[in-house]
Amino acid sequence: MDEKTGSSKNSKSKAKFYNDIGFDDNFTTPPISASFPTEPVIEKNSFNRFSSVHPSPMVCYVLRLRRGEELRKSLISFAEEKNLKAAFVITCVGSAKSAKLRLANTAQNVESHYMLDVSNPTEIVSLVGTISGGGHMHITLSDMAGKTNGGHLLELIVDTTAEIVVGECTNLSFTRVLDKDTEYKELQVNVR
């Protein structure tokens, strides 16, 4: 270590190596083109691929659910009690006593064909989705062997804890509108 500069003697050789193979350690951000709009273009039909891009400030909430609480209903109730119009899950870790998940591309009218009933304790590996507007969340659970299962969250009973960070886009609201193409109620983003 060079006491005057505080840098390692090896740092010069490392930089030289990267420069020798084409890396430049003087990174600069290219200028933003004047052709980019400063405000988003918002179209009425939110089912078009990129028509509903809405930048928004965000507020975060941190909550913990305890043993026996139902995760999905608790998150929806939390959003309703706090009057959150565009709430979504940022992250969630914890454990589940039991869960019910809807699986992809299965017969909707036959519960046993489309629902995975998880009755053994599992770890919550991830939870993503929107909360406001009725909620649409997907979850991944891991059993004691490390095997994972995931799907659309219908119900989950917390085992020891669920630590959740919820975000809200403060100038938007989420609703669900029937999409004729999918025949499901899909997310519609509205500016407040």
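**Entry 1: the whole chain.** I began with the surface: the accessible surface of the protein chain is about 13200 Å², and carbon and sulfur atoms hold 53% of that. The areas follow the Shrake-Rupley method with a 1.4 Å probe, and for residues only the protein chains shown count as cover. I note that this is a predicted model, in which local features need pLDDT of at least 70 and side-chain atom pairs count only at pLDDT 80 or more, while totals for chains, interfaces and linings use all residues. Residues are numbered from 1 along each chain as its sequence is written, and side-chain values use heavy atoms, with hydrogens and water left out.

I then looked up the elements and found 3 helices and 8 strands in the protein chain. Helices (H or I, at least four residues) and strands (E, at least two) are DSSP runs numbered from the N terminus. Their order from the N terminus is α-β-α-β-α-β-β-β-β-β-β. Of the 192 residues, 30% are buried, where buried means under 20% relative accessible area with a 1.4 Å probe, protein chains only.

**Entry 2: helix H2.** I examined H2, residues 71-81, and recorded Leu71, Arg72, Ser74, Leu75, Ile76, Phe78 and Ala79 as buried. These buried residues pack against strands E1 (58-66), E2 (87-102), E4 (122-130), E5 (136-142) and E6 (148-169). At the start of H2, a side-chain oxygen of Glu70 comes to within 3.4 Å of the backbone nitrogen of Arg72. Just after the helix, Asn83 has a positive phi of about 55°.

**Entry 3: Ser132.** I located Ser132 in the loop between E4 and E5. Its relative accessible area is 6%, so Ser132 is buried. I listed its contacts (heavy atoms within 4.5 Å): leaving out residues up to four places away in sequence, Ser132 touches Ala79, Leu84, Lys85, Ala86, Ala87 and Phe174. The C-alpha atoms of Ser132 and Phe174 are 5.9 Å apart, although 42 residues separate the two along the chain. A polar atom of the Ser132 side chain lies 2.9 Å from the backbone oxygen of Leu84. The Ser132 side chain also reaches the backbone nitrogen of Ala86 at 3.4 Å.

Entry 4: Asp179 has Tyr184 as its bridge partner in E8. The hairpin has 4 residues between the strands, and Glu183 takes a positive phi near 65°.

Key: Pairing = 2+ DSSP bridges. Buried < 20%, exposed > 50% of the residue type's maximum accessible area, 1.4 Å probe, protein only. Polar contact = N/O pair within 3.5 Å; in protein donor to acceptor, adjacent residues only side chain to side chain.
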